[in-house]
Amino acid sequence: MDATKETVGLMNGSSVWSISETDDIDFSRLPDKPKLNIERQRSFDERSLSELSIGLARGIDNFETTNSPGGRSGFDTPASSARNSFDPHPMVADAWEALRRSLVFFRGQPVGTIAAYDHASEEVLNYDQVFVRDFVPSALAFLMNGEPEIVKQFLLKTLHLQGWEKRIDRFKLGEGAMPASFKVLHDPIRKTDSLVADFGESAIGRVAPVDSGFWWIILLRAYTKSTGDLSLAETPECQKGMRLILTLCLSEGFDTFPTLLCADGCSMIDRRMGIYGYPIEIQALFFMALRSACSLLKHDEEGKECIERIVKRLHALSYHMRSYFWLDFQQLNDIYRYKTEEYSHTAVNKFNVIPDSIPDWVFDFMPTRGGYFIGNVSPARMDFRWFALGNCIAILSSLATHEQAMAIMDLIEARWEELVGEMPLKIAYPAIESHEWRIVTGCDPKNTRWSYHNGGSWPVLLWLLTAACIKTGRPQIARKAIDLAETRLLKDSWPEYYDGKLGRYIGKQARKYQTWSIAGYLVAKMMLEDPSHLGMISLEEDKQMNPVLKRSSSWTC
């Protein structure tokens with residue numbers, strides 16, 4: 001049955017979709033897919049957005065060759081052949097076996113991977129569901145191994161879920177919202193499969209996942225780049241899905257900034273951690289999703305209108321982020337000497353940041369060479385914490401200029417013990433403690449200092465670090481991080497996260513056999529083996545979006 005033609009049934013507003021089955025389903029294994037032999041092509045990601053905005057009516061005449069081969073990896077896995085002399089680490093085969101155990105099937109077809117396959121855990125909670133953000137590294141692993149069908153099915157199923165009515169209590173969510181996760185319910189007696197989706201109504205804190213829609217667009221581009229198959233992205237359903245996601249983000253309101261205003265817990269950090277406002281993770285993903293959508297939207301009447309809005313937003317967003325979120329030694333010194341209570345458009349301290357609010361730790365943390373995008377900027381508030389995902393995505397999406405990308409890598413090298421330690425990679429640095437922890441987290445027992453989202457070390461971030469390292473020409477950093485991970489991950493049964501300043505201890509509530517820890521390791525290994533895989537998840541810098549940024553200073557001699 002063509003998944004794009006399946007109908008969605010709403011049952012009293014609930015997120016359940018039932019389809020009768022007449023045949024027995026073999027849930028035992030993922031069918032082995034034939035090796036692809038498709039000429040890869042690249043969309044116009046590297047074209048100037050200014051040129052794009054002028055030439056919308058001309059359309060796309062041809063596509064350049066891509067960097068991502070999309071063929072099978074050289075790893076000796078059940079679905080790949082060791083066609084070169086690369087000698088895989090013994091962990092690789094175990095990782096592939098664990099990843100395939102996590103597969104979720106709908107009507108006999110794989111549609112995703114569960115969050116964790118930990119039978120030892122007494123509480124399942126929602127770890128048996130397919131999360132949009134969690135599936136991304138799994139999807140990349142399958143794409144790199146020449147198995148795109150599972151990614152296609154995932155994209156189609158989540159796209160259908162987007163069309164469901166979404167309500168939390170008596171409030172209806174926006175039409176473009178993507179689910180945080182979904183679960184497949186099997187009824188062997190009636191031979192039916194049902195999908196149950198969570199759009200935030202069941203999540204802790206009842207927060208809708210802002211990042212899900214962005215990851216969906218990014219993954220659609222990765223699938224297109226890997227396979228060279230434009231037909232999926234060009235379907236009316238996918239085109240409409242992208243426009244609906246972007247409509248939520250590009251709608252006009254009271255905003256004075258091009259960044260997205262978000263609630264706490266709306267992303268990978270899905271608990272109260274003081275990221276409300278304009279968190280770097282969401283802004284970087286937003287930027288990458290906008291650029292990805294530019295390469296996927298068709299140049300029909302609706303598509304051109306959407307692209308025009310994207311182009312305008314990208315220029316404003318890139319300037320805002322590079323100007324106000326960027327921090328290096330010189331900028332820190334400038335902020336330290338800011339004057340306050342400035343009025344009118346000539347103000348240099350535009351957000352009225354009080355220099356005394358700069359935390360003491362950042363002065364020692366900031367190296368002479370190096371820099372990063374800080375966690376948040378809003379009126380009278382700058383969150384100086386380091387967030388790994390946002391900075392890595394900034395590099396991959398080219399939100400960071402070349403100089404900024406190199407500075408981020410310089411920072412990681414200079415502060416290796418703090419950001420990597422004994423297990424890559426700190427999700428945030430530093431941890432918040434004592435009274436600040438009580439105020440910011442609401443005394444969250446899971447986010448105690450140096451644990452979980454509060455300075456915990458997350459192996460899944462290894463793939464993002466590796467991709468950033470390859471793009472910036474620093475593969476030796478990725479190799480060092482992977483070597484560290486290989487000393488522990490398999491022995492520790494692939495934990496979700498590690499605790500402690502150095503990431504030395506398995507997290508106190510960490511699930512074992514966490515799928516994205518497994519997939520993140522595989523993706524990192526495959527990218528190092530064949531760096532051309534980077535093409536499916538990386539965007540080149542647009543020179544027209546890179547105006548000269550004059551360093552602001554608000555101090556007097």
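Here is a tour in stops, each with something to select.

**Before you click**

This is a predicted model, so a few ground rules apply: local features need pLDDT of at least 70, side-chain atom pairs count only at pLDDT 80 or more, and totals for chains, interfaces and linings use all residues. Residues are numbered from 1 along each chain as its sequence is written, and side-chain values use heavy atoms, with hydrogens and water left out.

**Stop 1: the whole chain**

Start with everything shown. The chain has 17 helices and 16 strands; helices (H or I, at least four residues) and strands (E, at least two) are DSSP runs, numbered from the N terminus. Of the 557 residues, 60% count as buried. Buried means under 20% relative accessible area, exposed means over 50%, and partly exposed is in between (1.4 Å probe, protein chains only). Among contacts in the chain with a separation of 6 or more, 73% come from residues 24 or more positions apart; a contact means heavy atoms within 4.5 Å.

**Stop 2**

Select residues 103-106, which form strand β2, and then 109-113, which form β3. The two strands pair in the antiparallel sense over 4 bridges; strands pair if DSSP finds at least two bridges between them. To see individual bridges, pick V104 with its partner G112 in β3, then F106 with its partner Q109.

Now show side chains on β2. L103 and F105 point one way, V104 and F106 point the other way, and all are buried. In a regular strand the side chains alternate between the two faces of the sheet. In β3, 4 of the 5 residues are buried, so this strand is largely enclosed by the rest of the structure. Before moving on, click R107: the hairpin has 2 residues between its strands, and R107 takes a positive phi near 55°.

**Stop 3: helix α6, 236-250**

Which residues of α6 are buried? They are C238, Q239, G241, M242, R243, L244, I245, L246, C249 and L250. The cover over them includes α4 (149-162), α5 (210-227), α7 (280-296) and α8 (301-325).

**Stop 4: α8 and its partners**

The axes of α6 and α8 come within 11 Å and cross at roughly 40°; axes are lines fitted to C-alpha atoms, for helices over the stretch in contact, and angles run from 0 to 180 degrees between N-to-C directions. That makes α6 oblique to α8, because angles under 35 degrees count as roughly parallel, over 145 as roughly antiparallel, 65 to 115 as roughly perpendicular, and the rest as oblique. The crossing is left-handed, meaning the near helix is turned anticlockwise from the far one by less than a right angle (clockwise would be right-handed). For the contact itself, show R243, L246, C249 and L250 in α6 against E302, C306, R309, I310 and R313 in α8.

Next, bring in α7. The axes of α7 and α8 come within 10 Å and cross at roughly 145°, and this crossing is left-handed too. On the α7 side, residues meeting α8 include F286, F287 and L290, and on the α8 side the set includes L314, L317 and F325.

**Stop 5: helix α15, 461-471**

Select 461-471. In α15, 10 of the 11 residues are buried, so the helix is largely enclosed by the rest of the structure. Its cover includes α3 (132-144), α5, α11 (388-396), α12 (402-414), α16 (475-486) and α17 (515-529).

K471 and S398 are 73 residues apart in sequence and 10.0 Å apart in space, C-alpha to C-alpha.

**Stop 6: E433**

Finish in the loop between β14 (428-429) and α14 (434-441), where E433 sits. At 30% relative accessibility, E433 counts as partly exposed. Beyond four places in sequence, E433 touches R449 and W450. E433 and W450 are 17 residues apart in sequence and 8.9 Å apart in space, C-alpha to C-alpha.
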